[in-house]
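This briefing concerns a single protein model and is arranged by topic. Please consult the sequence and the structure shown here while reading.

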Amino acid sequence: MAGVRLDKIRKVYPNGHVAVSEASFDIADGELLVLVGPSGCGKTTLLRMIAGLEDISGGELWIGDRVVNDTAPKDRDIAMVFQNYALYPHMTVAENLGFGLRLRGQPKAEIDKRVAESAAKLGLSERLASRPAALSGGQRQRVALGRALVRDPAVFLLDEPLSNLDAKLRLSMRVEIGRLHRELGATMIYVTHDQIEAMTLGQRIVVLNGGVIQQIDTPMNLYDKPANLFVAGFLGSPAMNLWTGTLEQSDGFVLRTPSGLLPLGPLAPAAALAGHLGQQVVMGIRPEDLQPVAAGTPAAFPRLKAFVDVVEPVGNEVFLNMRGAEGELVSRAPPQAASHPGGEIELSFDPARAHYFDAATTLRIEAGSE
């Protein structure tokens with residue numbers, strides 16, 4: 001295995017479009033790192049540059065102790081798993097698994113050994129004589145993973161490998177990929193637009209938007225401390241509730257919004273907000289932190305009212321989709337808190353659990369920031 005280093009990697013197309021703007025980060029040997037972002041953000045382009053399938057416009061790409069900018073894909077010691085499986089339909093599972101090794105002139109005994117080992121790890125031992133048409137979508141994806149696995153590459157590159165699977169298969173294959181990573185200790189770079197995949201698989205996540213890296217961190221740090229409004233809105237399902245207003249002080253902090261005053265009281269983080277009085281601030285509340293008022297709700301917590309539009313029961317919780325004075329709101333609440341569509345509901349939240357952003361820069365407001 002090997003680590004990967006990107007030093008100010010750029011991709012600029014002949015028409016001047018900047019697909020990736022100076023991406024710099026390290027992937028440790030044995031790490032599973034996820035590239036995530038909306039369509040067109042540059043994540044697949046970045047992966048293809050690492051694979052050698054796209055030319056690099058600027059910067060240096062290291063795999064292990066080699067700069068590989070001008071190294072052919074076949075000489076980079078990487079294996080790539082594609083979204084569409086890319087299996088040969090006329091070959092059996094065993095032939096598909098061993099194809100890359102045969103191209104490299106490996107002895108038949110070695111090929112058979114590696115194919116058998118990979119098939120056993122992926123639960124494909126009973127399907128080695130089958131052709132892709134006879135396999136389920138999940139089995140085909142396992143064959144695609146196995147074909148990369150048999151090569152024992154320095155780095156695995158996975159480009160949205162689960163996007164063609166149904167929800168149940170996606171879950172099982174996520175577990176499978178996580179298990180394989182732990183067992184192999186492999187260096188993996190995984191591209192997805194699915195934040196659930198990113199949060200559950202990645203040891204670290206690189207969030208991209210418009211070809212620019214927005215934040216690199218562990219899944220929970222990204223969720224708990226998003227660096228800017230884009231990361232805050234992109235990660236989390238349902239998305240974060242946002243209010244924009246002018247920060248004022250009156251018996252604690254107050255957010256003056258177009259529809260009136262939202263008192264945050266003394267519970268808001270004073271050290272973080274003190275330097276932003278009189279400025280436009282965006283406050284974000286995760287849906288799980290915006291709850292219907294119930295017995296035991298602290299009196300110091302702010303109160304606001306909204307009308308329920310849609311109630312979405314999802315088993316152990318409900319999503320309450322609502323309209324408040326500032327627009328659409330959503331709450332992740334326990335089932336017993338469910339309200340009827342069209343009814344009015346009173347909500348509350350802990351200001352200390354809120355996220356605060358500078359409206360001008362969109363950057364997170366941290367303690368001591370000015």
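Which residues does Asp358 touch, not counting residues up to four places away in sequence? In this predicted model, Asp358 touches His276, Gln279, Gln280, Leu363 and Ile365 under that condition.

**Asp358**
- Strand E20, which spans residues 355–358, contains Asp358.
- Asp358 is buried but forms no salt bridge; Arg364, the nearest side chain of opposite charge, is 13 Å away.
- A polar atom of the Asp358 side chain lies 2.8 Å from the backbone nitrogen of Ala360.

**Helix H2**
- Helix H2 covers residues 93–103, and its buried residues are Val93, Asn96, Leu97, Gly98, Gly100 and Leu101.
- Those buried residues pack against two helices, H3 (108–121) and H4 (137–149).
- Gly105 follows H2 and has a positive phi, near 75 degrees.

**The protein as a whole**
- The secondary structure comprises nine helices and 20 strands.
- Along the principal axes, the C-alpha atoms fill a box of roughly 80 × 45 × 35 Å.
- Of the 370 residues, 47% are buried.
- Among contacts with a separation of 6 or more, 66% are between residues 24 or more positions apart.

**Surface and charge**

Key:
Residues numbered from 1 in each chain as written. Predicted model: local features only at pLDDT ≥ 70, side-chain atom pairs only at ≥ 80, totals over all residues. Heavy atoms only, no water. Buried < 20%, exposed > 50% of the residue type's maximum accessible area, 1.4 Å probe, protein only. Helix = DSSP H or I, 4+ residues; strand = E, 2+ residues; numbered from the N terminus. Contact = heavy atoms within 4.5 Å. Lys, Arg positive; Asp, Glu negative; His and termini not counted. Salt bridge = Lys/Arg side-chain N within 4 Å of Asp/Glu carboxyl O. Polar contact = N/O pair within 3.5 Å; in protein donor to acceptor, adjacent residues only side chain to side chain.
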